[in-house]
Amino acid sequence: MDAKSFGAFIADQRRTLGLTQAEVAARLHVTDKAVSRWERGVGLPDINTLEPLAQVLHLTLDELIHTGTSGTGNGADSVKTFVDLFSPQSRYAGQLLRAVCLLLSILFCLAGLLLCPDSLAILWDVGAQIVPASYAAKFFIFPTAALLQCLALFFWHFCDAHISLWETQFLAWLSAFQPRFSQFVRLLRETVFFFLFGFVIPFCELLTILLNLS
């Protein structure tokens, strides 16, 4: 997506509708400086802002993305790639996955507080026998894990909001050469984020419970 041509297009469309930058900004819940930056080609809207922006400018999402794309060499496939990546279904799937991870962490936290003894074995010596080596209070370990899970999921959401537009531009360019590889890159990123920020802490909570119950 070329920022200059995209900015010129939305500026023309805004003037055609008789809207000021401040009016557009108010409807999108952003500052008028942000709208000014888009129109000057200094930056691009956040991925979550594109659909509301299209509605404010009385455009479809396809029209907004296609007109804001430099050239037409990519054709319908590139537009479809953009629409798929910007779709609400894609965003909702990520939100649902994060909600499930948070719920699991909270459930394991409550299970640990109910099932485990007051002092938890958190370090183990591995030799001829596996024996506990260090202990900590369960009322510290499990609530801390749940808090860390909240922070990790917030960081995951923060990363999605701030790198997704760059990722979308890259994947749209990549899909012109190899569509399947672009899908693999996106899947790989989602998988890494899931294991780092969603899966690791609930797994550690569950493992702690199982080791202390055995």
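**Close-up 1. Lining of the second largest cavity in this predicted model.** Ile10, Arg14, Val24, Val35, Trp38, Glu39, Leu53 and Leu57 line this cavity. A cavity is a set of points, on a 1 Å grid over the protein atoms alone, where a 1.4 Å probe fits but cannot get out; lining residues have an atom within 4 Å of a point. The cavity has a volume of about 40 Å³, a volume being the space filled by probe spheres set on the points, which are joined across faces, edges and corners. A search of the whole structure finds 2 cavities of 30 Å³ or more. Helices α1 (3-16) and α3 (32-40) each give at least two residues to the lining. The largest share, 3 residues, comes from α3. Helices here are DSSP runs (H or I, at least four residues) and strands are E runs of at least two, numbered from the N terminus. The lining has 6 nonpolar, no polar and 2 charged residues. In that count, Ala, Val, Leu, Ile, Met, Phe, Trp, Tyr, Cys and Pro are nonpolar, Asp, Glu, Lys and Arg are charged, and the others, Gly among them, are polar.

Numbering runs from 1 along each chain as its sequence is written. In this predicted model, local features need pLDDT of at least 70 and side-chain atom pairs pLDDT 80 or more, while totals for chains, interfaces and linings use all residues; side-chain values use heavy atoms, without hydrogens and water.

**Close-up 2. The salt bridge between Arg14 and Glu39.** The closest N and O atoms of this pair are 2.6 Å apart. The pair links distant parts of the chain: Arg14 sits in helix α1, Glu39 in helix α3, 25 residues apart. A salt bridge is a side-chain nitrogen of Lys or Arg within 4 Å of a carboxyl oxygen of Asp or Glu. By this rule the count is 3 salt bridges. Arg14 is buried at 9% relative accessibility. Glu39 is buried too, with a relative accessible area of 13%. Buried means under 20% relative accessible area, exposed over 50%, and partly exposed in between (1.4 Å probe, protein chains only). Both residues also belong to the lining of the second largest cavity.

**Close-up 3. The salt bridge between Arg15 and Asp12.** Their side chains meet at 3.4 Å, N to O. The two residues are 3 apart in helix α1, so about one helical turn separates them. Arg15 is exposed, at 52% relative accessible area. Asp12 is partly exposed, at 46%.

**Close-up 4. The salt bridge between Asp118 and Lys138.** The side chains meet at 4.0 Å, N to O. Asp118 lies in the loop between α7 (88-115) and β1 (119-126), and Lys138 in helix α8 (residues 138-175), 20 residues apart. Asp118 is exposed at 55% relative accessibility, whereas Lys138 is buried at 7%.

**Close-up 5. A nonpolar patch on the surface.** Phe195, Phe199, Val200, Phe203, Leu207 and Leu211 form the patch. Together they have about 490 Å² of accessible area, from the Shrake-Rupley method with a 1.4 Å probe, where only the protein chains shown count as cover for residues. Patch residues have over 30% relative accessible area and no salt bridge; nonpolar side chains (Val, Leu, Ile, Met, Phe, Trp, Tyr) are joined within 5 Å, like charges within 9 Å. Val200 is in helix α9 (residues 179-213). Val200 is partly exposed, at 36% relative accessible area.

Notes: On a 1 Å grid over the protein atoms alone, a cavity is a set of points where a 1.4 Å probe fits but cannot get out, and a pocket is an open set with protein on both sides within 12 Å along at least five of seven lines; lining residues have an atom within 4 Å of a point.
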